[in-house]
Amino acid sequence: MADKPLTVAVLSGKGGTGKTLVSVNLAAAAGEAVYLDCDVEEPNGHLFFKPEKPEEETVAVKIPQIDTELCTGCRKCVEFCAFHALAVVGGHPILFGEVCHSCGGCALLCPAGAIQETDKAVGTVSSGRSGHVDVFTGRLNIGEASGIPVIKHLLGKIPSGGERPVFIDCPPGSACAVMESIKDADFCVLVAEPTVFGAHNLAMVYELVTLFRKPFGAVLNKCQEGENPSEAFCLEHQVPILGRIPFDPELGALNSEGNIAARENQRYRELFGSLLERIGKEAQHEAASDS
Amino acid sequence: MKITIPMNEQKLESGVCPSFGRAPYFLLYDTNTNESKWTANNAAESSGGAGIAAAQLLADSGANTLITPRCGENAEKVLNGANIKVYRSVDGTAKENIDALIEGKLQLLSEFHAGFHGHGG
């Protein structure tokens, strides 16, 4: 375990809660760090990091290509496809690419050898550096149904060794793309808003990380005087509260201009620095109690 | 004319199912013999691609006309390939829709919604 870098996934039950704020600022506060933007439908961490000279790689999946000269129209592939990505029209199968899950079964099964697998681009991963942070951004092509292949490619960028902590900015919600993003994480940070709706969304991700048996804690964002239903949820379910971020116009202004608060402002450097320290301790404690 | 209609129940007197791909049954009605046949839609429970599989079922059934309230682009591609004409259903029972079609009162369905709409996430 010691050689593997600490990997922290930041998630929330809905968008706009502060996942990017928390993950970007944690990476910046860490100094040497790796940041992965797995919110591949609308990645925005790069707007803050502004990585220099990003290099872009294409992410492709395999889809079948049918040679109608060789195809005998036997329908074995259509009957096999559990996702209904193939249908016979005019005696030969046609493919619905966005429905295909790239299992490769049809190509294996075709008795006439009429199906070859071919690459289909579904998105990109760009890599660049911002200060001491390596920034990786996943982007799903518009119209594609699943971000999972791009997220898998991104997770492949996590260094297998070294001391630099890794921060994963997850997609919103608690569906497949989030599960993929947290599956290799050592620790999950749940970001929550101080509203009834926020507490409801916190409950969704709480359920997910519990199901995945991940160690986790909550960060309460946009804190103000008065009631905080998300805090009440944490107290009721014994969720450790790792930190509180105030509802602060200064932070809002820094953020809206694409600045990283932990790099620009002493108070936030300290806030995210101590949050980072707390996460490190919690993760270490969990690793120790696991062994 | 062999007409097919997505249905919730196996009754000519019941209404048209609001879903195409996920309808539990399809009615197959032959206007030459006035005979009704019913076929279960195995694709109804699929996590995705239900419309494609349902369209394949109809393409293989020998139907040449579909009456449905809505239909996706992917299913339309299969139906089109099988030369099945798609008409928009009106309020009322399956029988009333068949009569309306025969009287020339139904319009061709002109709008097809986005094909894959992510059931089962």
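Start by selecting A:S126, which sits in strand β6 (residues 115-130) of chain A; helices (H or I, at least four residues) and strands (E, at least two) are DSSP runs, numbered from the N terminus. Before going on, note that this is a predicted model, where local features need pLDDT of at least 70, side-chain atom pairs count only at pLDDT 80 or more, and totals for chains, interfaces and linings use all residues. Residues are numbered from 1 along each chain as its sequence is written, chains are lettered from A and ligands numbered from 1 in the order in which they are written, and side-chain values use heavy atoms, with hydrogens and water left out.

Back to A:S126: it counts as buried because its relative accessibility is 8% (buried means under 20% relative accessible area, exposed over 50%, partly exposed in between, with a 1.4 Å probe and protein chains only).

Next, jump to A:A87, in strand β4 of chain A. A:A87 is buried too, at a relative accessible area of 0%. Beyond the neighbours within four places in sequence, its contacts in chain A are A:V78, A:H92, A:P93, A:I94 and A:F96, and across in chain B they are B:I52, B:Q56 and B:V78. For a sense of scale, draw a C-alpha to C-alpha line from A:A87 to A:T195: 48 Å in space, 108 residues in sequence.

Now bring up the whole A/B interface. Here 15 residues of chain A are in contact with 15 residues of chain B. The buried area is about 1,200 Å², with 62% of it from carbon and sulfur atoms; this is the accessible area (1.4 Å probe) that two parts lose on being put together, summed over both. Color A:H84, A:V89 and A:F96: they supply 40% of the area chain A buries against chain B, more than any other three residues.

Which side chains meet in a salt bridge? Pick B:D60 and A:R75, 2.6 Å from N to O. The count between the two chains is one salt bridge (a side-chain nitrogen of Lys or Arg within 4 Å of a carboxyl oxygen of Asp or Glu).

Last stop: chain A's side of the interface. The elements giving two or more residues to it are β4 (86-89) and β5 (92-95), and β4(A) gives the most, with four residues.

Note on methods. Contact = heavy atoms within 4.5 Å.
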